Amino acid sequence: MSLVITPWFGKVRIEDYMEAGGYRGAKKALSMAPEEVIEEVKKSNLRGRGGAGFPTGLKWSFVPRDSSRPKYLCINADEGEPGTFKDKYILRDAPHLLIEGAIIASWAVGINTAFVYIRGEYGKIALILEKAIEEAYARGFLGKDIFGTGFSLDLFVHRGAGAYVCGEETALIESLEGKRGQPRIRPPFPATYGLYGCPTVVNNVETLANLPAIMEKGGEWFASLGVEKSGGTKLFAVSGHVKKPGLYELPMGASLKSLIYDYAGGIRENRRLKGVIPGGSSSPILKPEEIEVALDYDSMMKAGTMLGSGAVIVLDETACMAKVLQVITRFYAHESCGQCTPCRQGTSWMAKIAHRIISGRGREGDLDLLKDIARSMMGKTICPLADAAAMPVIAICEKYREELEEHIREKKCPVERE
Amino acid sequence: MREISPEAREKIDALLKRYPVKRSALLEVLHIVQEEWGYIDGEGEETVASLLGLEPVRVHEVVSFYTMYERKPVGNHIIRVCRNITCTLLGAESLIHYLKRKLKVDEGGTTSDGRFTLETVECLGACELAPVMQIDGEFYGHLTPEKIDEILERMK
Ligand SMILES: Cc1cc2nc3c(=O)[nH]c(=O)nc-3n(C[C@H](O)[C@H](O)[C@H](O)COP(=O)(O)O)c2cc1C
Ligand code: SF4
Ligand code: FES
């Protein structure tokens, strides 16, 4: 099986990274015309790994070629979606893969300044990345006249300070401007009006980490690793009640069931599977009979859920679904930036109802109420956080209705053992 | 207004060169000031505001938006325990209870000897280590009460 990212893990020092062939992709990219690089990325069927799965080459082509103002690259290393820990591995174990990817993207779009927006909690990891950036400057891979082409790129690390919503691209831009992380109304989109009102590309860490291989081995090769509309491999962060939680790289289109049982070792202590949250906490949960699904954007969508960030959270029979509901609703209520009424009020109502269910004060009709609130939040807000909060609630209320009703009726948890 | 150290000042000056707009440095400057003073109160906000040529209210609204800025004095070590989904599935709640009892503090509180501040936080991006906490930015995973005892003992 061809892997794209994980084979680089451990090559943290620039010597080791280069010995294994690092920076060849960037060198090749800079010998091509920027349009050719974008073409190659389009051919690769690379889709954004931050959660939305938007085609990367297409995103880049929305940025005006000629701009009197500077253009910026914002690298999204906020990694806040609960369950997600994949970008951390790239930042910590293969930082040059990200730097090389940033060079390629910047060349393709005509960018001379890039910022890595890294979540504040990754402060120690930011130091590793900063050291790698220093090494790259020392070799002339960053700074002025890269590879003698006349192209220059500055790359800076910028720490966030604890706010999930800052992972949303326009909130990230606001935060980078020194403001509260409140998403902007779109249009205009960042491609034309982003950081400081200038054309801006926002890309996820993992997205960029795929670029060196695409440049070196070609877009068609990358596309062939995956399925029709999703090229390459994907990093999956598996956690919860599995024997071997951790990070796994599989081709797009691999089986979710196989990821859980063949790679992550199956359910701990051979208990029964109860459900799988397949793409971070905002993705609708799947029941055990629904996990024979292919891990790519379109197949997951057809299954009524999302590939999201590739964070697979596995729940066994000991999980109390009222508790899961409480944790998820509390999280989104805590993280709503408060700008939109449906999101601010909806998330806080859902959290209150979930809290009263878990506290044994649930009322008949609460599940329908939860679903009504969730539905009324969707598609009506500035950013998709409201939808992200609503989708998992609807799925849990529908798929685990009996258990939740019992919880409400009995005023206690039907799952918890002595 | 309190003065910041020359070292911090130097870091901030270097930082300001990165951004075409001074205000952009705000989050980073706040981190630097917090590393120095431990927290950022009204006075800290004013110091930062004058460094960046901003109205203090601009600094205040940022400090109050982000959870990692401490607004009152904290202990020598900040313990951040994750309470999100994977950690909860693997027992975070009972560990949070354990920590509260052991340290005799509530969430957000600081021990009477000033050694520890206890905070609960959302997913730390380390769910493979769940249940997990961070102390002073370092991850500690697969926690049990015994392991917590050991870790805190070493922090003396
Ligand atoms: C509430 C919210 C949180 C998000 N958090 C992240 C995040 O932590 N990391 C990330 O890369 N993208 C996150 N996104 C997606 C970004 O808005 C954006 O789509 C992504 O960074 C684009 O990069 P990509 O095209 O390379 O995926 C989030 C979106 C929303 C609505
Ligand atoms: S949907 Fe929620 S998080 Fe997004 S802008 Fe509106 S209030 Fe803020
Ligand atoms: S849920 Fe605790 S670190 Fe992710």
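By class, the shell around ligand 2 holds 9 nonpolar, 4 polar and no charged residues; Ala, Val, Leu, Ile, Met, Phe, Trp, Tyr, Cys and Pro count as nonpolar, Asp, Glu, Lys and Arg as charged, and the others, Gly among them, as polar. The model is predicted: local features need pLDDT of at least 70, side-chain atom pairs count only at pLDDT 80 or more, and totals for chains, interfaces and linings use all residues. Residues are numbered from 1 along each chain as its sequence is written, chains are lettered from A and ligands numbered from 1 in the order in which they are written, and side-chain values use heavy atoms, with hydrogens and water left out.

**Ligand 2 and the largest cavity**

- Ligand 2 is surrounded by 13 residues, of which the closest are A:Cys337, A:Gln339, A:Cys340, A:Cys343 and A:Cys383; a residue is near a molecule if one of its heavy atoms lies within 4 Å of it.
- The largest cavity is the site of ligand 2; a molecule sits in a cavity or pocket if more than half of its atoms lie within 2 Å of its grid points.
- Cavities and pockets are found on a 1 Å grid over the protein atoms alone: a cavity is a set of points where a 1.4 Å probe fits but cannot get out, a pocket is an open set with protein on both sides within 12 Å along at least five of seven lines, and lining residues have an atom within 4 Å of a point.
- The volume of the largest cavity is about 80 Å³, where grid points are joined across faces, edges and corners and a volume is the space filled by probe spheres set on the points.
- This cavity is lined by 13 residues, and those closest to its centre are A:Cys337, A:Cys340, A:Cys343, A:Cys383 and A:Leu385.
- The lining of the largest cavity divides into 9 nonpolar, 4 polar and no charged residues.

**The second largest cavity**

- There are 2 cavities of 30 Å³ or more, and the second largest cavity contains about 50 Å³ of space.
- Its lining has 13 residues, with B:Cys82, B:Thr86, B:Cys87, B:Cys123 and B:Cys127 closest to its centre.
- Helix α5 (residues 85-89) of chain B gives the most to this lining, with 3 residues; helices (H or I, at least four residues) and strands (E, at least two) are DSSP runs, numbered from the N terminus.
- By class, the lining of the second largest cavity has 9 nonpolar, 4 polar and no charged residues.

- Ligand 1 has 18 residues around it, and A:Gly50, A:Lys59, A:Asn203, A:Asn204 and A:Thr207 come nearest.
- The shell around ligand 1 divides into 4 nonpolar, 8 polar and 6 charged residues, and its largest share, 3 residues, comes from strand β4 (residues 200-204) of chain A.
- A polar backbone atom of A:Gly50 is 2.8 Å from an oxygen atom of ligand 1; a polar side-chain atom of A:Asn76 lies 2.9 Å from an oxygen atom of the ligand, and one of A:Asn204 lies 2.7 Å from an oxygen atom of ligand 1.
- The protein covers 90% of the 620 Å² of accessible area that ligand 1 has on its own, as given by the Shrake-Rupley method with a 1.4 Å probe.
- Ligand 1 sits in the largest pocket, which has a volume of about 1,300 Å³.
- Of the 49 residues that line this pocket, A:Gly50, A:Gly51, A:Ala52, A:Gly167 and A:Pro384 are closest to its centre.
- Strand β4 of chain A gives the most to the lining of the largest pocket, with 5 residues.
- By class, the lining of the largest pocket has 19 nonpolar, 18 polar and 12 charged residues.

**The second largest pocket**

- The second largest pocket holds about 890 Å³ of space.
- Its lining has 28 residues, and A:Gly123, A:Arg159, B:His31, B:Ile32 and B:Glu35 are closest to its centre.
- Two or more residues of this lining come from each of α7 (123-138) of chain A and α1 (6-16), α2 (26-37) and β1 (77-82) of chain B.
- The lining of the second largest pocket divides into 8 nonpolar, 10 polar and 10 charged residues.

**Backbone geometry**

- Most residues other than glycine have a negative phi, and most peptide bonds are trans.
- A cis peptide bond joins A:Arg186 and A:Pro187, with omega about -10 degrees, and another cis peptide bond, with omega about 0 degrees, joins A:Pro187 and A:Pro188.
- A:Pro187 lies in the loop between α8 (169-176) and β4 of chain A.
- A:Phe147 has a positive phi, near 50 degrees, and lies in the loop between α7 and β3 (154-159) of chain A.

Notes:
A polar contact is a pair of N or O atoms within 3.5 Å; within protein, one must be able to donate a hydrogen and the other to accept it, and residues adjacent in sequence count only if both atoms are side-chain atoms.
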